[in-house]
Amino acid sequence: MKLKHKKRNLRKRKITNVIMLSFSFFAAIVTIIPLALIFYYTISKGIANLNIDFFTKMPTPVGEPGGGMANAIVGTILLILIGGAIGIPLGILSGLYISEFGNNRFGDVVRFLTDVLSGVPSIVVGVVAYTLIVIPMGHFSAFAGGGALAILMIPTITRTTESMINLVPSSYREAGLALGIPKWKTTLAIVLKTAWKGIATGILLGLARAAGETAPLLFTALGNRFWSVNVFQPIASLTVYIYQYATAPFKDWNDQAWTAALVLILMISVLSLFFRFITRSKYKV
Amino acid sequence: MDADIKEKTPIVGTTSDKKNEIKIAVNNLSAFFGKNQALREVSLDVKANRVLAIIGPSGCGKSTFLRSINRMHEVAGGTITGEIIFDNEDVMKVDPVYLRRKIGMVFQKPNPFPTMSIYNNVVVGLKLNGIRSKKILDEVVERSLKRVALWDEVKDILNKSGAHISGGQQQRLCIARTLAVEPEVILMDEPTSALDPISTSKIEELMFELKNDYTIVIVTHNMQQASRISDRTAFFYLGQLVEEGTTKDIFINPKHERTENYITGRFG
Amino acid sequence: MSNNPTGSLTTDTSFESVKSLINGKVKRKKEPSPFTKKILGHKNIGDLIFERLTLLFAALVVLLVVVMGWEMYVHSRLSIKEFGFQFLVSTEWDPYAEHFGALPMIFGTIVSSILALLIAVPLGIGVAVFLSELSPLWLERPLSFLTELLAGIPSIIYGLWGIFVLVPWLRDDVEPFLQKAFPGVPLFEGTPYGFGMLAAAIILSIMILPIISSISRDVLRSVPQAQREAAYGLGATKWEVTRIVLGNAKSGLLGATMLGLGRAIGETMAVTMVIGNRPEISASLLDPAYTMASVVANEFTEATSMLYLSALIELALVLFIITIIVNVLARLLVWSTEEKRG
């Protein structure tokens, strides 16, 4: 009697086992499906309008076919550059502070607030950039957009810098100090240099994320139908264009939105490859 | 200016009195990590151009003693009382950066900087202190690597990473790196304990040569090594200096029972 | 090797023979200024500058966060004064009448986020379980790479895909099916536009899935292998072992969930593009809705009055506060699990 009960119980457990494990396998598959779909659609729909014109021409007035997004491509690049110029130094230096001198209450505060900053929605960051930059300046500008992007980048870069520097074995720092190299030079020329590859990856992540942001640009950099590389004027960007073109009632614009999406992904990939290249090991192993 | 300098009559010997010159005088040194006392009132003299071996069981304060001399102890957050006199000054009263150029250190695990070439590893101490001339750096590289008998082995791969070579070679590279800044004293913290016997003996040979031009203090847990290469030996136990004397005396005729027990392997 | 008779350490006699190469003779360098060494407590001036400089930048970051909250508060004051608590409970969002009640948006944010969690949490933990307990090594790397890739897709592209692929599919296939399969159920009432709460929930769930799964995976990995081995030793099936591991990692998994929640609450573009942007509360998943983030994105540049703008900024402030709370709670939960590991 008991044995039969045990056998039935065992069977039940085995069935549960199979079901649950299948579910987790199913979950893995389900996760990949949207990824595949998004890539499929972006590539297949985007490629239709992917031609030289897209990279060299300006957008045409509504209703007129053709044209391109040259101004938006340049705009996105400029915005990441501005964001990087502000965000990278701030991120690295505060990361250096936390890892070198941050073993105290203030260091804890910095760490905590950096974490807080990383969770702030990008739309909120846009609002802040609006109040801090657009209002005093009196108008929208690429600078305001870059500023918003910088704020978004800082937590990633700070955290990566801190953890990469902490990963450098203390023996290198000791060896540097023991040679009579001042502490700050040891930190910069030896420790930071050793951690550099990891930090560069953090920077890449920050820049890539910034390139894909839309919300914070909506009322900082705003957008521009014309060619502009003026930092103090509104500027076009791929992401804002995608938003405008996708939500517009013109099919031609909708199609161009897909192309813009494809170009955006290509740009981020190129950026990523570029970083891989510049952080490659100089030494043949 | 010169008059001022002449007035400071050196307490420690001048280089003309080589035989018995005391390079470093340690007086009543006690070292602490917070509340934990690692060294108790250690006093000893380090003689110039000699090899002094520091031996004792693990945890007896040998490394702490060594690191107090070039002020690396405080880098790990430690404090000391007492004084260490080097070149007529208390080491605690001078800029540690300058001190460490005069007193170099070689560590237990070879640690050439991984992002630098062998060439740059050797001269990193010079480069980061402002010396840039390629001609000079080239000379220093060759001279230092020849000094540690590494030149022939690496002269064709100078621009390869420092991690490229074997452990024994790496340690010699680290010694070359230390020599390049021209210290007067070299502190070695168990420099061969991570190496194979052949590399170990090569480095012991090197130490023999180096002592003509440098003063060497070596911490070792290998008593055979101590008896092979050192002129004088100091035995530490539980943070105290038990005995110090010529190596011959210590090993053949120790004055204290504890020393004898350690030497003969009864503990540690 | 210096042949300096006094060898005082206050004189820089380093690199003597190197310098002899420069000068052709041994020359003693001038004494460095005692000011630099003695007065500054023997610290290199470079060290001082380095410390102060990095401190400055770290302080700037701190200042930034403080200023963020402050600025938003200052600019919301107008709206706070005008509407007070009503802002959060009134359902009337009427720019023309200059009356702003944000309840529909708050409702939209909360409901869309919770729905997204309902979908993403089981799936995310399922993926995490698969990757950390089940999957063979050759599959684990590419699969986790792909999951990370999902996290890197910009929100706007999700939105684009949402408008032209997800929404039509919902409108033409899924929603009519749901209406036929569950007639009369208020959840599925209304005209199937495709746009609406359901679309937003689905897109949000895809977007937060990677973060839930990757943190869950880290949490699961930090459970010591010994636990698993003990369970296997007692004759447990693989699923039962996993259940024990999951139980151990409970608070960490909860933390991962909350991080996903935090992300969902703040998500803007993808949601705006598919949710329909109608400030109304409805029981049906098929009806359009509105979230706090969406209304700010949509109407910020159209705000015609100071009060309008102030109301929108107040919403941003509410978002700011909510996400901070959620994120802090989340991190505490994740940390406490990982710390418990010996």
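My entries below go through confidence, chain contacts, domains and helix pairs.

**Ground rules**

I am working with a predicted model, in which local features need pLDDT of at least 70, side-chain atom pairs count only at pLDDT 80 or more, and totals for chains, interfaces and linings use all residues. Residues are numbered from 1 along each chain as its sequence is written, while chains are lettered from A and ligands numbered from 1 in the order in which they are written.

**Confidence**

Then I turned to pLDDT, the predictor's confidence in each residue, from 0 to 100. Chain C has a mean pLDDT of 83, with 86% of its residues at 70 or more. I noted two stretches of chain C to read with care. Residues 1–11 of chain C stay under 50, and the model has 32 contacts for them beyond four places in sequence. Residues 22–42 of chain C are also below 50, with 21 contacts beyond near neighbours in sequence. For the record, two residues are in contact if their C-beta atoms, placed from the backbone, lie within 7 Å.

**Chain A against chain C**

I found 67 residues of chain A in contact with 65 residues of chain C. Helices and strands here are DSSP runs (H or I, at least four residues, for helices; E, at least two, for strands), numbered from the N terminus. Among the elements of chain A that each supply at least two residues to this side are α1 (2–46), α3 (70–101), α4 (105–118) and α10 (251–278). Which helix gives the most to the side of chain A that touches chain C? It is α1(A), with 20 residues. I sorted residues by class: Ala, Val, Leu, Ile, Met, Phe, Trp, Tyr, Cys and Pro count as nonpolar, Asp, Glu, Lys and Arg as charged, and the others, Gly among them, as polar. This side of chain A has 46 nonpolar, 15 polar and 6 charged residues.

**Chain B against chain A**

Here 25 residues of chain B meet 16 residues of chain A. On chain B, the elements giving two or more residues are α3 (96–102), β6 (103–106), α4 (118–127) and α7 (167–180). The largest share, 4 residues, comes from α3(B). I sorted the chain B side into 11 nonpolar, 9 polar and 5 charged residues.

**Domains**

Domain bounds come from an automatic or database domain assignment. For chain A it gives domain 1 (2–49) and domain 2 (56–278). The centres of these two domains of chain A, taken over C-alpha atoms, are 36 Å apart. Their contact takes 7 residues from domain 1 of chain A and 7 residues from domain 2 of chain A. Chain C is divided into domain 1 (33–81) and domain 2 (84–340). In chain C, 8 residues of domain 1 touch 12 residues of domain 2. The domain 1 side of that contact in chain C has 4 nonpolar, 4 polar and no charged residues.

**Helix pairs**

Angles under 35 degrees count as roughly parallel, over 145 as roughly antiparallel, 65 to 115 as roughly perpendicular and the rest as oblique.

In chain A, α3(A) and α4(A) pack at about 140°, with axes 9 Å apart. That makes α3(A) oblique to α4(A). From α3(A), S94(A), Y97(A), I98(A) and F101(A) meet G107(A), V110(A) and R111(A) of α4(A). I counted this contact as 4 nonpolar, 2 polar and 1 charged.

In chain B, α5 (residues 134–147) and α7(B) pack at about 130°, with axes 9 Å apart, and are therefore oblique to each other. V140(B), S144(B), L145(B) and R147(B) of α5(B) make the contact with A176(B), L179(B) and A180(B) of α7(B).

In chain C, α5 (residues 103–134) and α11 (residues 250–266) pack at about 140°, with axes 9 Å apart. The contact residues of α5(C) include A116(C), L117(C) and A120(C), and those of α11(C) include G260(C), L261(C) and A264(C). The contact of α5(C) with α11(C) has 9 nonpolar, 4 polar and no charged residues.

Key:
Axes are lines fitted to C-alpha atoms, for helices over the stretch in contact, and angles run from 0 to 180 degrees between N-to-C directions.
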